[in-house]
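Colleague: I'm new to this one. Could you take me through a close look at the strands in the sheet, and then show me what lies around the ligand?

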Amino acid sequence: MSRLLIAGAGGHGCVVADTSEMTARWERIAFLDDRFSELSELAHWPVVGRLSDANGLQGEYKDIVVAIGDCGVRVKWLERYGKAGFGRPVIVHPRAYVSSHAALSAGTVVFAQAAVNFGARIGLGCIVNTGAVIEHDCSIGEGTHICPGVRLAGEVSIGLYSWIGIGAVVREGVTIGNNVVVGAGAVVVKDLPDGVRAIGVPARPV
Ligand SMILES: CC(C)(COP(=O)(O)OP(=O)(O)OC[C@H]1O[C@@H](n2cnc3c(N)ncnc32)[C@H](O)[C@@H]1OP(=O)(O)O)[C@@H](O)C(=O)NCCC(=O)NCCS
(Lines give C-alpha, C1' and ligand atoms only; values in the text may rest on other atoms or scores of the structure.)
Protein backbone atom coordinates (compact mmCIF):
# COMPACT_ATOMS: atom_id res chain seq x y z
CA MET A 1 0.00 0.00 0.00
CA SER A 2 1.15 3.50 -0.79
CA ARG A 3 1.17 6.67 1.29
CA LEU A 4 -0.79 9.86 0.62
CA LEU A 5 0.06 13.50 1.22
CA ILE A 6 -2.75 16.05 1.46
CA ALA A 7 -1.67 19.61 0.69
CA GLY A 8 -3.78 21.94 2.84
CA ALA A 9 -4.82 21.17 6.41
CA GLY A 10 -8.01 23.19 6.68
CA GLY A 11 -11.59 22.03 7.08
CA HIS A 12 -11.75 20.84 3.47
CA GLY A 13 -8.42 19.05 3.96
CA CYS A 14 -9.87 17.14 6.90
CA VAL A 15 -12.81 15.95 4.78
CA VAL A 16 -10.37 14.87 2.07
CA ALA A 17 -8.32 12.99 4.72
CA ASP A 18 -11.42 11.36 6.16
CA THR A 19 -12.65 10.37 2.68
CA SER A 20 -9.21 9.00 1.76
CA GLU A 21 -9.09 6.98 4.97
CA MET A 22 -12.53 5.51 4.18
CA THR A 23 -11.21 4.14 0.87
CA ALA A 24 -8.53 2.10 2.72
CA ARG A 25 -6.17 2.69 -0.24
CA TRP A 26 -3.31 4.21 1.76
CA GLU A 27 -1.37 2.85 4.70
CA ARG A 28 -0.51 6.34 5.89
CA ILE A 29 -2.04 9.78 5.33
CA ALA A 30 -0.28 13.03 6.26
CA PHE A 31 -0.76 16.74 5.63
CA LEU A 32 1.44 19.44 4.16
CA ASP A 33 0.57 22.93 5.35
CA ASP A 34 2.42 26.23 5.49
CA ARG A 35 1.66 26.46 9.22
CA PHE A 36 4.19 23.64 9.75
CA SER A 37 5.96 23.33 12.22
CA GLU A 38 3.65 25.23 14.62
CA LEU A 39 0.96 22.88 13.33
CA SER A 40 2.25 19.33 13.68
CA GLU A 41 -0.96 17.30 13.87
CA LEU A 42 -4.62 17.64 12.91
CA ALA A 43 -7.18 15.12 14.17
CA HIS A 44 -4.96 12.00 14.10
CA TRP A 45 -3.08 12.92 10.92
CA PRO A 46 0.46 14.32 11.18
CA VAL A 47 1.54 17.52 9.41
CA VAL A 48 4.94 16.65 7.94
CA GLY A 49 6.00 19.81 6.10
CA ARG A 50 5.08 22.91 4.15
CA LEU A 51 3.51 22.82 0.67
CA SER A 52 6.91 23.32 -0.95
CA ASP A 53 8.49 20.47 1.05
CA ALA A 54 6.76 17.74 -0.97
CA ASN A 55 9.73 16.87 -3.20
CA GLY A 56 11.88 15.96 -0.23
CA LEU A 57 9.20 13.52 0.93
CA GLN A 58 8.86 11.63 -2.35
CA GLY A 59 10.79 8.63 -1.07
CA GLU A 60 8.09 8.10 1.55
CA TYR A 61 4.93 9.35 -0.18
CA LYS A 62 4.00 8.49 -3.77
CA ASP A 63 0.57 10.13 -4.03
CA ILE A 64 -0.62 13.64 -3.37
CA VAL A 65 -3.95 15.45 -3.42
CA VAL A 66 -4.40 19.21 -3.06
CA ALA A 67 -7.09 20.35 -0.60
CA ILE A 68 -6.92 24.12 -1.07
CA GLY A 69 -10.23 25.96 -1.43
CA ASP A 70 -9.07 28.55 -3.98
CA CYS A 71 -9.73 26.88 -7.34
CA GLY A 72 -6.80 28.39 -9.24
CA VAL A 73 -4.30 27.84 -6.44
CA ARG A 74 -5.45 24.23 -6.06
CA VAL A 75 -4.80 23.47 -9.74
CA LYS A 76 -1.46 25.32 -9.71
CA TRP A 77 -0.13 23.11 -6.92
CA LEU A 78 -1.60 19.99 -8.50
CA GLU A 79 0.24 20.74 -11.75
CA ARG A 80 3.46 21.43 -9.87
CA TYR A 81 3.24 18.13 -7.97
CA GLY A 82 2.39 16.28 -11.19
CA LYS A 83 5.54 17.62 -12.85
CA ALA A 84 7.54 16.48 -9.79
CA GLY A 85 6.34 12.92 -10.45
CA PHE A 86 3.72 12.40 -7.74
CA GLY A 87 0.70 10.20 -8.37
CA ARG A 88 -2.44 12.37 -8.31
CA PRO A 89 -5.29 10.02 -7.50
CA VAL A 90 -8.99 10.56 -7.98
CA ILE A 91 -10.49 10.04 -4.52
CA VAL A 92 -14.07 8.81 -4.30
CA HIS A 93 -15.84 8.18 -1.02
CA PRO A 94 -17.01 4.54 -0.86
CA ARG A 95 -20.56 5.78 -0.34
CA ALA A 96 -20.60 8.06 -3.38
CA TYR A 97 -21.84 6.79 -6.75
CA VAL A 98 -19.67 7.28 -9.81
CA SER A 99 -20.80 5.69 -13.07
CA SER A 100 -18.21 3.50 -14.73
CA HIS A 101 -19.05 5.54 -17.86
CA ALA A 102 -18.03 8.82 -16.23
CA ALA A 103 -14.50 10.24 -16.64
CA LEU A 104 -12.79 11.96 -13.69
CA SER A 105 -9.40 13.64 -14.06
CA ALA A 106 -6.45 13.58 -11.68
CA GLY A 107 -6.79 15.16 -8.26
CA THR A 108 -10.59 15.30 -8.27
CA VAL A 109 -12.35 14.38 -5.02
CA VAL A 110 -15.92 13.08 -4.70
CA PHE A 111 -17.39 13.15 -1.20
CA ALA A 112 -20.01 11.03 0.54
CA GLN A 113 -23.49 10.72 -0.97
CA ALA A 114 -22.50 12.48 -4.19
CA ALA A 115 -23.57 11.00 -7.53
CA VAL A 116 -21.79 11.36 -10.86
CA ASN A 117 -23.87 9.82 -13.59
CA PHE A 118 -23.36 8.29 -17.02
CA GLY A 119 -21.18 10.19 -19.44
CA ALA A 120 -20.16 12.98 -17.06
CA ARG A 121 -16.68 14.40 -17.58
CA ILE A 122 -14.90 16.16 -14.72
CA GLY A 123 -11.59 18.00 -15.09
CA LEU A 124 -8.37 18.22 -13.10
CA GLY A 125 -8.59 19.06 -9.41
CA CYS A 126 -12.35 19.46 -9.12
CA ILE A 127 -14.36 19.08 -5.92
CA VAL A 128 -17.66 17.22 -6.01
CA ASN A 129 -18.78 18.00 -2.50
CA THR A 130 -21.08 16.11 -0.15
CA GLY A 131 -24.40 15.06 -1.67
CA ALA A 132 -23.90 16.86 -4.98
CA VAL A 133 -25.63 15.35 -8.02
CA ILE A 134 -24.00 15.58 -11.44
CA GLU A 135 -26.38 14.16 -13.98
CA HIS A 136 -25.67 12.42 -17.26
CA ASP A 137 -23.33 13.97 -19.81
CA CYS A 138 -22.38 17.02 -17.74
CA SER A 139 -18.99 18.53 -18.45
CA ILE A 140 -17.02 20.30 -15.70
CA GLY A 141 -13.77 22.14 -16.34
CA GLU A 142 -10.63 21.94 -14.24
CA GLY A 143 -10.56 23.42 -10.76
CA THR A 144 -14.32 23.85 -10.47
CA HIS A 145 -15.98 23.31 -7.08
CA ILE A 146 -19.45 21.80 -6.99
CA CYS A 147 -20.53 22.59 -3.41
CA PRO A 148 -22.62 20.37 -1.12
CA GLY A 149 -26.12 19.54 -2.31
CA VAL A 150 -25.79 21.10 -5.76
CA ARG A 151 -27.92 19.49 -8.47
CA LEU A 152 -26.81 19.70 -12.07
CA ALA A 153 -29.35 18.35 -14.55
CA GLY A 154 -28.23 16.47 -17.66
CA GLU A 155 -25.82 17.99 -20.18
CA VAL A 156 -24.88 21.00 -18.08
CA SER A 157 -21.49 22.43 -19.03
CA ILE A 158 -19.35 24.41 -16.56
CA GLY A 159 -16.01 26.04 -17.37
CA LEU A 160 -12.76 26.39 -15.45
CA TYR A 161 -12.35 27.51 -11.82
CA SER A 162 -16.03 28.13 -11.21
CA TRP A 163 -17.77 27.79 -7.87
CA ILE A 164 -21.33 26.47 -7.75
CA GLY A 165 -22.62 27.40 -4.28
CA ILE A 166 -24.26 25.14 -1.78
CA GLY A 167 -27.70 23.85 -2.78
CA ALA A 168 -27.74 25.51 -6.21
CA VAL A 169 -29.73 23.91 -9.03
CA VAL A 170 -28.84 24.11 -12.73
CA ARG A 171 -31.34 23.35 -15.47
CA GLU A 172 -30.49 20.79 -18.16
CA GLY A 173 -28.31 21.90 -21.03
CA VAL A 174 -27.25 25.20 -19.42
CA THR A 175 -23.69 26.43 -20.04
CA ILE A 176 -21.81 28.24 -17.25
CA GLY A 177 -18.51 29.93 -18.09
CA ASN A 178 -15.09 30.15 -16.45
CA ASN A 179 -14.54 31.83 -13.06
CA VAL A 180 -18.25 32.05 -12.36
CA VAL A 181 -19.66 32.13 -8.81
CA VAL A 182 -23.20 30.85 -8.37
CA GLY A 183 -24.62 31.83 -4.98
CA ALA A 184 -26.03 29.44 -2.43
CA GLY A 185 -29.52 28.21 -3.34
CA ALA A 186 -29.60 29.80 -6.78
CA VAL A 187 -31.56 28.24 -9.63
CA VAL A 188 -29.72 28.69 -12.91
CA VAL A 189 -32.06 28.45 -15.90
CA LYS A 190 -30.04 30.40 -18.51
CA ASP A 191 -26.41 30.37 -19.62
CA LEU A 192 -23.94 32.44 -17.56
CA PRO A 193 -20.88 34.04 -19.24
CA ASP A 194 -17.33 34.02 -17.86
CA GLY A 195 -16.56 35.88 -14.67
CA VAL A 196 -20.05 36.67 -13.41
CA ARG A 197 -21.48 36.21 -9.93
CA ALA A 198 -25.12 35.09 -10.08
CA ILE A 199 -27.66 34.72 -7.28
CA GLY A 200 -31.34 34.14 -6.76
CA VAL A 201 -34.27 32.25 -8.24
CA PRO A 202 -34.00 32.45 -11.19
CA ALA A 203 -30.28 33.26 -10.96
CA ARG A 204 -29.24 36.65 -12.32
CA PRO A 205 -25.76 38.16 -12.56
CA VAL A 206 -25.11 40.87 -9.93
C1 LIG B 1 -23.15 34.80 -3.47
C2 LIG B 1 -22.08 34.99 -2.42
C3 LIG B 1 -20.72 34.51 -3.00
C4 LIG B 1 -22.01 36.48 -2.11
O5 LIG B 1 -21.12 36.70 -1.09
P6 LIG B 1 -20.76 38.21 -0.65
O7 LIG B 1 -20.18 38.93 -1.83
O8 LIG B 1 -19.93 38.13 0.59
O9 LIG B 1 -22.18 38.87 -0.42
P10 LIG B 1 -22.82 39.44 0.93
O11 LIG B 1 -22.96 38.36 1.96
O12 LIG B 1 -22.08 40.69 1.28
O13 LIG B 1 -24.29 39.81 0.44
C14 LIG B 1 -24.55 40.87 -0.49
C15 LIG B 1 -26.03 40.88 -0.75
O16 LIG B 1 -26.40 39.73 -1.51
C17 LIG B 1 -27.35 38.94 -0.78
N18 LIG B 1 -26.97 37.53 -0.99
C19 LIG B 1 -25.80 36.96 -0.66
N20 LIG B 1 -25.78 35.68 -1.03
C21 LIG B 1 -26.97 35.42 -1.60
C22 LIG B 1 -27.56 34.26 -2.15
N23 LIG B 1 -26.87 33.11 -2.22
N24 LIG B 1 -28.80 34.35 -2.65
C25 LIG B 1 -29.50 35.52 -2.58
N26 LIG B 1 -29.00 36.67 -2.06
C27 LIG B 1 -27.75 36.61 -1.57
C28 LIG B 1 -27.22 39.38 0.66
O29 LIG B 1 -28.42 39.15 1.38
C30 LIG B 1 -26.89 40.84 0.52
O31 LIG B 1 -28.08 41.52 0.22
P32 LIG B 1 -28.34 43.03 0.78
O33 LIG B 1 -27.26 43.86 0.15
O34 LIG B 1 -29.71 43.35 0.29
O35 LIG B 1 -28.20 42.94 2.26
C36 LIG B 1 -22.35 34.16 -1.12
O37 LIG B 1 -23.38 34.72 -0.34
C38 LIG B 1 -22.70 32.72 -1.41
O39 LIG B 1 -23.85 32.37 -1.69
N40 LIG B 1 -21.65 31.87 -1.32
C41 LIG B 1 -21.75 30.45 -1.49
C42 LIG B 1 -21.29 29.78 -0.20
C43 LIG B 1 -21.16 28.30 -0.33
O44 LIG B 1 -21.65 27.69 -1.24
N45 LIG B 1 -20.46 27.71 0.60
C46 LIG B 1 -20.21 26.28 0.57
C47 LIG B 1 -18.76 25.99 0.74
S48 LIG B 1 -18.44 24.27 0.70
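Modeller: Start at Val 133, whose bridge partner in S16 is Arg 151. Keep in mind as you look that this is a predicted model.

Now zoom out a bit. S13 and S16 sit in an open sheet of six strands, paired in parallel and ordered S7-S10-S13-S16-S19-S22. At the edges you'll find strand S7 (97-98) and strand S22 (187-188); each has a single partner strand, so one side of each is left without a neighbour in the sheet.

With a relative accessibility of 0%, Ser 162 counts as buried, because the cut-off for that is under 20%. The side chain of Ser 162 has backbone nitrogens to talk about, too: that of Asn 179 is reached at 3.2 Å, while that of Val 180 lies 2.9 Å from a polar atom of the Ser 162 side chain.

On to the ligand. The residues around the ligand are Asn 129, His 145, Cys 147, Pro 148, Trp 163, Gly 165, Ile 166, Val 181, Gly 183, Ala 184, Arg 197 and Ile 199. Sorted by class, that shell holds seven nonpolar residues, four polar ones and one charged one. For Ile 166, a backbone N or O atom lies 2.7 Å from an oxygen atom of the ligand. For Ala 184, a polar backbone atom is 2.8 Å from a ligand oxygen. With Arg 197 it's the side chain, where an N or O atom is 2.6 Å from an oxygen atom of the ligand. As for cover, the ligand taken alone exposes 910 Å², and the protein buries 38% of that.

Last, go back to the start of the chain. Strand S1 (residues 2-7) pairs with strand S2 (residues 26-32) in the parallel sense, over six bridges, and Ile 6 stands opposite Phe 31 in S2. To get from S1 to S2, the chain goes through helix H1 (residues 11-23), making a right-handed β-α-β crossover. S1 also runs parallel to strand S5 (residues 63-66), with four bridges joining them; there, Leu 5 has Ile 64 as its bridge partner.

Notes. Residues are numbered from 1 along each chain as its sequence is written. This is a predicted model: local features need pLDDT of at least 70, side-chain atom pairs count only at pLDDT 80 or more; totals for chains, interfaces and linings use all residues. Side-chain values use heavy atoms; hydrogens and water are left out. A residue is near a molecule or strand if one of its heavy atoms lies within 4 Å of it. A polar contact is a pair of N or O atoms within 3.5 Å; within protein, one must be able to donate a hydrogen and the other to accept it, and residues adjacent in sequence count only if both atoms are side-chain atoms. Accessible areas come from the Shrake-Rupley method with a 1.4 Å probe; for residues, only the protein chains shown count as cover. Ala, Val, Leu, Ile, Met, Phe, Trp, Tyr, Cys and Pro count as nonpolar, Asp, Glu, Lys and Arg as charged, and the others, Gly among them, as polar. Two strands pair if DSSP finds at least two bridges between them. Helices (H or I, at least four residues) and strands (E, at least two) are DSSP runs, numbered from the N terminus. A crossover is right-handed if, with the strands pointing away from the viewer, the path from the first strand over the helix to the second runs clockwise. Buried means under 20% relative accessible area, exposed over 50%, partly exposed in between (1.4 Å probe, protein chains only).
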